[in-house]
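Hi,

Here is the structure I promised to pass on. Have a look at it first, then read my notes below.

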Amino acid sequence: MATPGNRQHDLALRFGMQCAPRNAPASVLRQITSDGHALRVSIKAGRHKQCSLAAALGKSVGYVSRMCSGARPIPDKLVGPITAITGQNLLRQYRDLQRALEGAPCSDEALVALMRVAA
C-alpha cells in the first residue's frame, strides 16, 4: 500500500502531463553533455524523483537510474513520454541539437524549436 506522500506525488505527475513541456534556456542547453545529463536535469527541474518517473513510464527504478547515469541509452520511443512527464523539453532539445551538429536531417518542428531557444 502506498503512503499518502506517494499518492500526492503521483497526482502531481498526472496533472503535470496535461501541460506542454517547457523549453530550456539556451544557456542551460549549452551546458548539457549527454542524454543522461539532460534526463537528470529534467527530473530535478520538474521536482520529480527517479522512482516517480519510473512508475509513470512503467519501468523499473534501476532502469531509469541506468539511463540517468548513461549506462543505458535512452530509447527514442521514451523521449516523448519523458518530456511529458517531467514537463521539461530539455532531452528533446539536446537530441535535436546533437543531430543538427552531426548534420543529420532534422524535422521542421525541431528546427523551429531550436530557433526559439536561440532567441
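Reading along the sequence, you get the pattern α-α-α-α-α-α-α-α. In other words, the chain has eight helices and zero strands; both are DSSP runs numbered from the N terminus, helices being H or I with at least four residues and strands E with at least two.

Before you go on: this is a predicted model, where local features need pLDDT of at least 70, side-chain atom pairs count only at pLDDT 80 or more, and totals for chains, interfaces and linings use all residues. Residues are numbered from 1 along each chain as its sequence is written, and side-chain values use heavy atoms, leaving out hydrogens and water.

Of the 119 residues in the chain, 32% are buried. Buried means under 20% relative accessible area, exposed means over 50%, and partly exposed is in between (1.4 Å probe, protein chains only).

Now, is glutamine 93 buried or exposed? Glutamine 93 sits in helix α7 (residues 90–102) and counts as buried, because its relative accessibility is 3%. Apart from its neighbours within four places in sequence, glutamine 93 is in contact with Asn23, Ala24, Leu29, Leu114 and Val117, where contact means heavy atoms within 4.5 Å. Across the chain, among contacts with a separation of 6 or more, 61% come from residues 24 or more positions apart.

Arginine 66 counts as partly exposed, because its relative accessibility is 40%.
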